Amino acid sequence: QVQLVESGGGLVQPGGSLRLSCAVSRSIFSINRMGWYRQAPGKERELVAAITRGGITNYADSVKGRFTISRDTAKNMVYLQMNSLKPEDTAVYYCNGNIVRDYWGQGTQVTVSS
């Protein structure tokens, strides 16, 4: 079992930054892969960024160069630093952990609007 709790969402102007946090209930090293997904209204949930147990990262093309996924293994935290935010980044963002199956947090709303 894994419990995931996201925080850090909110309203930001285009070009602004936000950092999302995900608190993980067990050692990150016990989890195959941690990721951030997002789901905009009327759209399917999509992968934004992920980091493997070994520290390898990958990103959706739409966020490369703007978003950074990182982790603090001592605190069992995973972060998503989002810079140069665009209105199309508006979505509910979910933390995901994969051990045999996927576990999800409750989601945090990110709204990019002037």
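A residue counts as buried when its relative accessible area is under 20%. By that criterion arginine 66, with a relative accessible area of 10%, is buried. The structure discussed here is a predicted model. Arginine 66 belongs to a network of salt bridges that also includes Arg38, Glu46 and Asp89.

**Salt-bridge network**

- The structure contains four salt bridges, and Arg38, Glu46, Arg66 and Asp89 are linked in a network of such contacts.
- Arginine 66 pairs with aspartate 89, with 2.8 Å between the closest N and O atoms. This pair connects distant parts of the chain, 23 residues apart: arginine 66 sits in the loop between β6 (57–59) and β7 (67–72), and aspartate 89 in the loop between β8 and β9.
- Aspartate 89 also meets the side chain of arginine 38 in a salt bridge, at 2.9 Å from N to O. Here the partners are 51 residues apart, since aspartate 89 lies in the loop between β8 (77–82) and β9, whereas arginine 38 lies in strand β4 (residues 33–39).
- Arginine 38 forms a further salt bridge with glutamate 46, whose closest N and O atoms are 2.7 Å apart.
- Glutamate 46 is partly exposed, because its relative accessible area is 35%.

**Disulfide**

- A search of the whole structure finds one disulfide. A disulfide is a covalent bond between the sulfur atoms of two cysteines.
- The partners are cysteine 22 and cysteine 95, with an S to S distance of 2.1 Å. Cysteine 22 lies in strand β3 (residues 18–24) and cysteine 95 in strand β9 (residues 91–99), so the link joins distant parts of the chain, 73 residues apart.
- The link between cysteine 22 and cysteine 95 is left-handed, with -85° about the S-S bond.
- Cysteine 22 is at 0% relative accessibility and therefore counts as buried. Cysteine 95 likewise counts as buried, at 0% relative accessibility.

**Antiparallel sheet**

- An open sheet is formed by four strands in the order β1-β3-β8-β7, with antiparallel pairing. Its edge strands are β1 (4–7) and β7, each of which pairs on one side only. On average, and with direction ignored, neighbouring strands of this sheet are turned by 15° against each other.
- Strands β7 and β8 run antiparallel and are joined by six bridges. Within this pair, phenylalanine 67 stands opposite methionine 82 of β8, and isoleucine 69 has leucine 80 of β8 as its bridge partner.
- Methionine 77 in β8 is the bridge partner of alanine 23.
- Why is β8 described as largely enclosed by the rest of the structure? Five of its six residues are buried, so the strand is largely enclosed.

- Threonine 108 lies in strand β11, which spans residues 108–112.
- Is threonine 108 buried or exposed? The residue has 11% relative accessibility and therefore counts as buried.
- A polar atom of the threonine 108 side chain lies 3.2 Å from the backbone nitrogen of glycine 9.
- Leaving aside residues up to four places away in sequence, threonine 108 touches Glu6, Ser7, Gly8 and Gly9, together with Leu20, Ala91, Val92 and Tyr93.

Technical notes:
Residues are numbered from 1 along each chain as its sequence is written. This is a predicted model: local features need pLDDT of at least 70, side-chain atom pairs count only at pLDDT 80 or more; totals for chains, interfaces and linings use all residues. Side-chain values use heavy atoms; hydrogens and water are left out. Helices (H or I, at least four residues) and strands (E, at least two) are DSSP runs, numbered from the N terminus. Buried means under 20% relative accessible area, exposed over 50%, partly exposed in between (1.4 Å probe, protein chains only). A polar contact is a pair of N or O atoms within 3.5 Å; within protein, one must be able to donate a hydrogen and the other to accept it, and residues adjacent in sequence count only if both atoms are side-chain atoms. Contact means heavy atoms within 4.5 Å. A disulfide is a pair of cysteine sulfur atoms within 2.5 Å. Two strands pair if DSSP finds at least two bridges between them. Axes are lines fitted to C-alpha atoms, for helices over the stretch in contact, and angles run from 0 to 180 degrees between N-to-C directions.
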